[in-house]
Amino acid sequence: MGRVQPSNALYLEVSREYGHPLLGFERREIEKHTDIATKRNIGLLMARMCGWRTVFFLDDDIRGMEPSLIGRAAALTGQYRVVGFQIPEFPDNSVVCHASRVSGGVQSTFIGGNALLVDTRRAEAYFPAIYNEDWLFIYDAVAARSAGVAGRLRQLAYDPFSRSAVPEEFGELIAEGLVRALHSGSDVSTLYFWMDAIKKRSRFIDEVVGRLHGTAPGTDEPVPDRDRILRRLDEAKKRLLEISPMSCLSFYRTWRENVDVWQRQLLGLPTSLTPQQAIRYLRLPSV
């Protein structure tokens, strides 16, 4: 993000060392993925403290956003807690999902935190420090059929196989299991559910590997960069083998407890601060 900005805009820098009591509540057993959850939670806290009805999250690699689309999304918050955009051309998927796509697999997309409008009065979840933090944030809204789609956007292309699949695997497993349970009505609070989720994830990775050993879709040639993609899938599979059903269940239980703690914290916040006052409240440096 550049430093040139309108006079009524605020530019905040959040270092990886940043901490605040309002963000120190999360009890977890899995390593922190990135600092994006912290930054998005700051956005939620700022919106709540400033009395804003909505907050819009937009990643800097998203293209095609127009004022009319934001207006359409804002109008939909009268019906939905969260409103996002589909990004079908180059979706922000995991390494494994990109591998599935290039191997000829069908990979669906849905809304995510890269372009998301949130009704701060009704969406009371937080972004957990885990891969797929946006999916866990919107989980309750999706379960309540309160997540809408306002249109389509584009994302700048990048090389998904330049990064390791290891830090994504646990979050992928959790998110896939939760989404599957929404469709099937399964009880996610049992060890059996997570045993089955790990088995399904393992089979999925094996299927992608099997397709990659064939030819690229629509050609008689191998999939481009196949060896590197296979190495990424091998990383994912090894990480998956380290994950136990108990660790998944423990995360799920702790995450639900954390959501309750977050909601209680929100009730104790001031709600009529100026943005500058909210920044000082959160002990953030403004630039």
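How many disulfides does the structure hold? In this predicted model, the count is zero. The sulfur of Cys 97 lies 16 Å from the closest cysteine sulfur, which belongs to Cys 248, and this is too far for a bond, given that a disulfide requires a pair of cysteine sulfur atoms within 2.5 Å. Cys 248 is likewise in no disulfide, its nearest cysteine sulfur being that of Cys 97. Cys 97 is buried, with a relative accessible area of 6%. Cys 248 is also buried, at a relative accessible area of 0%.

The secondary structure of the protein chain consists of nine helices and six strands. The chain has a radius of gyration of 20 Å, close to the 19 Å given by the globule rule for 287 residues, and is therefore as compact as a globular protein of that length. Taken along the principal axes, the box filled by the C-alpha atoms is roughly 60 × 40 × 40 Å.

Contacts within the protein chain were examined by sequence separation. Among those with a separation of 6 or more, 80% are between residues 24 or more positions apart. Of the 287 residues, 47% count as buried.

Definitions and conventions
Residues are numbered from 1 along each chain as its sequence is written. This is a predicted model: local features need pLDDT of at least 70, side-chain atom pairs count only at pLDDT 80 or more; totals for chains, interfaces and linings use all residues. Side-chain values use heavy atoms; hydrogens and water are left out. Buried means under 20% relative accessible area, exposed over 50%, partly exposed in between (1.4 Å probe, protein chains only). Helices (H or I, at least four residues) and strands (E, at least two) are DSSP runs, numbered from the N terminus. The radius of gyration is taken over C-alpha atoms; the globule rule is 2.2 Å times the number of residues to the power 0.38. Contact means heavy atoms within 4.5 Å.
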